[in-house]
2 protein chains.
Amino acid sequence: MIKPANGRSRVVIEEIEPRVNSGRHPARRVLGDEVQVRAAIFADGHDQVRARLLYKHSSERRWRFVPLTASVNDAWNGSFTVDRLGMWNYSILGWVDHFTTWLSDLKKRLAAQPAAAAAAGLDASGPLALGGLQVGAQTATGEIPLAFRTGAILLEHAAVRARGADGRKLAKAAANLIALAEENRALYDFPLTQEQVDLAENYPDLSFTTRWDPDLCLWVDRERARFSAWYELFPRSTAKDPGRHGTFADVEAQLPEISAMGFDILYLPPIHPIGRAFRKGKNNSVTAAPDDVGSPWAIGDIEAITAPAHPDDNGGHKSILPQLGTFDDFARLVNATRDQGMEIALDIAFQCSPDHPWVKYHPEWFNIRPDGTIQYAENPPKKYQDIYPLNFESTDWRGLWDELNSVFEFWIKRGVLVFRVDNPHTKAMPFWEWCLGSLRTKYPEAIFLAEAFTRPHPMYWLAKVGFTQSYTYFTWRNTKYELESYLEEITQPPVSDFFRPNFWPNTPDILHKALQDGGRPAFMIRCILAATLTANWGMYGPAFELSENAPAKPAPGKTESEEYLNSEKYEIRQRDRNAPGILVPLVTEVNRIRRENPALQRNDTLRFHPTDNSMFLCYSKSAPGNTLLVILNLDPVHDQSGWTDLDLAALGLTPGETFFVDDLLTGARYIWRDRRNFVVLRPGVQPAHIFSIEKP
Amino acid sequence: MIKPANGRSRVVIEEIEPRVNSGRHPARRVLGDEVQVRAAIFADGHDQVRARLLYKHSSERRWRFVPLTASVNDAWNGSFTVDRLGMWNYSILGWVDHFTTWLSDLKKRLAAQPAAAAAAGLDASGPLALGGLQVGAQTATGEIPLAFRTGAILLEHAAVRARGADGRKLAKAAANLIALAEENRALYDFPLTQEQVDLAENYPDLSFTTRWDPDLCLWVDRERARFSAWYELFPRSTAKDPGRHGTFADVEAQLPEISAMGFDILYLPPIHPIGRAFRKGKNNSVTAAPDDVGSPWAIGDIEAITAPAHPDDNGGHKSILPQLGTFDDFARLVNATRDQGMEIALDIAFQCSPDHPWVKYHPEWFNIRPDGTIQYAENPPKKYQDIYPLNFESTDWRGLWDELNSVFEFWIKRGVLVFRVDNPHTKAMPFWEWCLGSLRTKYPEAIFLAEAFTRPHPMYWLAKVGFTQSYTYFTWRNTKYELESYLEEITQPPVSDFFRPNFWPNTPDILHKALQDGGRPAFMIRCILAATLTANWGMYGPAFELSENAPAKPAPGKTESEEYLNSEKYEIRQRDRNAPGILVPLVTEVNRIRRENPALQRNDTLRFHPTDNSMFLCYSKSAPGNTLLVILNLDPVHDQSGWTDLDLAALGLTPGETFFVDDLLTGARYIWRDRRNFVVLRPGVQPAHIFSIEKP
């Protein structure tokens, strides 16, 4: 167990953080973050321990280091700033430091001198020439001179390690210690200059070090990984002319509006040819009418492409639905989006309609039934015959992995760096680890949002193996208790070290009961919660701004449905963006507040504050120089009032202090004092305060 | 990151427990324990996952296995029983099981049949010959026959894996499925027998498994590691004749008394020759009188041995202080102790007096000062010139390690299997990991108690690297809050997976203020707490039974001392074991109750119960068929009364239930009902109830 070489390495290092699954996965940070590293570091006995935090970008050969600092009970801390995208490495080096031990003991010996001299009944000013031993006190047997000689040896060794000018300075300090020792005085002053101490500590004896092994990894994303606002729309619904299939050009025309609302990622459902076999009709009907447009997630139509734009343009994941436009049209949209300060996010759904070219050219990538047919998706007795799932146990799994990986790369080369991945939890986990690992190495600025609406372990595992952000259970967390406990789980380590939540009040698949029942006031509540509880949020519009809340007919045997009535997944839905009560102003305000307040661009400072009304959710977030306090009425029907019980320390306030709270939604300013302050909130009118805390 | 070979292994295994420091150290259990193993196991999608717990004694070549069982949210559990001392290995194997997936789907398909037949407007009894497709229901396209064919393929593969008689049975089941499929009936019954299902599941397809890597370790001690009662005495104080130095024979004469009190380990401070240089006098005086016996921990006197009993008998750690007796006397004591159902524990203190033979023969094992002298122990300005610490950075560290290791082995060969190790936290941690590792491999029944009165990290680390039990902070935990929070920390995982607390109300080094001030009633309280809160306890007697509570004079500059006045560490202390008020009866009762009640022989079932009096500590422990409830008055001065608020579930009771509580200390029986019951406890008379919960 003990390697012979390190039998003398007495330092133990354990409990190093951040560390995800014992170091199996990299922790995540974004560019510019100061990475706080903590560990328990100790040795036997009372000798002084020193430790360094080692770090480097994975592409660098030389390690950089900073000293770690001890706090209480063997806990040590240090930090480094990540100034480059991609993988970083870090580790810790610890050792018993004989110079600092000597220094610490010497200071105690020197401090004890006057007592010693007094105990010996001596004048403290002259040299001593006493024999014998005086226990418990400094004595004339030359204990301090002896300590000086010990120090001289340590300094001489440091001089050898230092060499050059530093070496000469250390050698001189050593010689001076010996000269002082020879004076054999009764009282000594501290014999070294601070420069000499610093110099000696700069050249420590690293003969017997302990190094944390193996090195840990940390992945650094760009800032948008942590702070983003997503807007999802169906391009085919964007035409102004009634009934016409929308195009990329129509989307382009809407960009100024979307940008003005403050979004920075425009997410498009799959843009590929849509299958014809078993195409779903309106409202998920199993029989489609001839003019039904089908679900964009039933990907692939080998017959859709008549004039291939490139060799892989055969109707699958590297093709564009002709009704949307051409590759040139797409390139124009990508550029126009970028010009508006936004980015396009594409939806990557690794599944095939029966008409997908992979079905023809790679049937071995699917499950084949004993009758030779391909197994469609099913959850017996339910069947989804319009969808063929891929078989990750295929004998040609390597070929499959390469092809899937190349889909991402295909679109990255066409200017897309953000992907929303459909149902990643139904594709093999080892595939994602490999695929995202290789993509991120080549394209460290790429962002992958996991639509992992699944159980906690697979959801978190997908984050661990490389997804940048994830959908969450936010949609199903509506009460105060649900929201507080869920947020506390996902915004603190260990979860926050690998998982970045992205809160969506709605998606084309989920119209929650709270929105169905609560209507527009509930949409306002969920908008403010999503946008202020976590730094990443998104919405499926314009269904959201219009507070569309009519649910689909429940499935047979069910009493309710979370699907939309006349779902846009199966038909074109053109909307009136001038409808009364549209929530565009609120969304715009909320996104503006997010951009102007760094406190809302991170999750780690989120703190909940008690109130005396269980319908109030009260929370704060802070960043240097910026502290926000949100108080929200979770009740979409009734006015609610109550008293806060603020955690003043979390707000940077002192007990009894008077302060201003500026409501960033309304511009109103209130004067508050201490923990308890009164609040009234009115659903549909003013469901929340988003206060900035200001000192007079 | 993904090895090519396991790209198709879709199962993920994480969060496996028990696991100490991510598997760096073995977890600990005792012989006969059922080891509960938990992990999160999952795969992509909806396929059925199966998993096995693999385990074996490290000396075995073949792995044994049991199935793991899924509970909620991907948590799986399983267990194995450890029937042999020493190191065990365990791991987990998981895979996506296509047979159980098929089985589960088939059951759903069959269950949906009547609805399908009804939906098709058909008589459910005859064969079907419909074309076309009926979504959402079983149809006549032969979906179930097709499923049967799929099952037949899976069974045929299982038959190939099984071979022999099982193989033939599986092949027959497959053939039967095909025959059934060909009947193409409208309604099918479940086509397999339970025997066929079990058989198929016994021969799973393990082509694409995931195995937890690397294997985990678990160390199994004998039961005394978990449940023991230690009695410490100074042999030199055991003579009946006033003033005479006690001998091993005197100790032997006291064995029946000690055994009658219910102890099973008799722990002796170091029995080696005691140094003469700088010998400490009475009350730790720096000047010893000629007849002062010195501290047993100042080990080594090269001149003490005039007639060596063996080649290494040169006055050090392999010698016996001549005043105590000979090696033959020691052997007699070891045997006599065993005859009384007890064991001897020796104190191993790796430090030397200036007269130790290692100082002469191995000066390189010590720190040498620039003047050529050996560095004594010091904590400037305090000096301990009677003690030379060992230098674990010695150039001959391997020689030093070997010699220290051989000290244990020397005494093990002389019948000692229990060691109390003095100040292990001042010796290098890598040494302990190596030394205890090699000793435990050779002598798995050896027990090592760490006197690790140090900070939490080094204390726990010593347990992790191999100490069997440890002293704790119990002595300094006296209030209800201190006791509850400390016990909750040390009796639950992760700590309880590696750390076994041993509670001592006093030691020769520690007479806590609570005992000094509280006197005999406080001794009673601390005795009951130590003996019932944890399964290992010990006391330094007869100072304890006699409630000796006079502290030493505080050190200069201090206001109090935890040392004993006239400490036995520096002088012979003969006591009157017939003194009035001696606590022998209480100690005897407590040890008897411990032996008779398995609930007190473990720590994992400890639960605290609320009361309305903050001076009451109320806790329960249970074992199969045995539930104890202790209610103790922490106040050594005043009577206290109050109401319990019992956690009935922890006691195996139901709300409103009436039950008996039998006080095992007094024999009294009370009838209690439900959570709230009234208690009065009187210091010095009846400071506690130790109740056995009995159902009428």
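Is N423(B) buried, partly exposed or exposed? I find N423(B) partly exposed, since its relative accessible area is 26%; buried means under 20% relative accessible area, exposed over 50% and partly exposed in between, with a 1.4 Å probe and protein chains only.

**Ground rules.** I am working with a predicted model, where local features need pLDDT of at least 70, side-chain atom pairs count only at pLDDT 80 or more, and totals for chains, interfaces and linings use all residues. Residues are numbered from 1 along each chain as its sequence is written, chains are lettered from A and ligands numbered from 1 in the order in which they are written, and side-chain values use heavy atoms, with hydrogens and water left out.

Most residues other than glycine have a negative phi, and most peptide bonds are trans. I noted N423(B) for its positive phi, near 45 degrees. I located N423(B) in the loop between β18 (418-421) and α10 (429-442) of chain B; helices (H or I, at least four residues) and strands (E, at least two) are DSSP runs, numbered from the N terminus. S22(B), not a glycine either, has a positive phi of about 60 degrees. I see S22(B) in the loop between β1 and β2 (27-30) of chain B, partly exposed at 36% relative accessibility.

Next I looked up cis peptide bonds. One joins D213(B) to P214(B), with omega about 0 degrees, and P214(B) sits in the loop between β9 (209-211) and β10 (216-221) of chain B. Another joins G541(A) to P542(A), with omega about -10 degrees.

**A four-stranded sheet.** I traced an open sheet in chain B with the order β1-β3-β7-β6 and antiparallel pairing; two strands pair if DSSP finds at least two bridges between them. Its edge strands are β1 (12-17) and β6 (69-70). Four bridges join β1(B) to β3(B), residues 34-42, and I13(B) has I41(B) as its bridge partner.

**Strand β22(B).** I found five of the five residues of this strand (536-540) buried. On one side these are N536(B), G538(B) and Y540(B), and on the other W537(B) and M539(B). β22(B) pairs in the parallel sense with β11(B), residues 228-232, over five bridges, and with β21(B), residues 502-503, over two.

**D264(B).** Which loop holds D264(B)? I place D264(B) between α6 (248-260) and β12 (265-268) of chain B, where D264(B) counts as buried at 4% relative accessibility. A polar atom of the D264(B) side chain lies 2.7 Å from the backbone nitrogen of A229(B). Beyond four places in sequence, the contacts (heavy atoms within 4.5 Å) of D264(B) include R224(B), E343(B) and R595(B).

Key: Polar contact = N/O pair within 3.5 Å; in protein donor to acceptor, adjacent residues only side chain to side chain.
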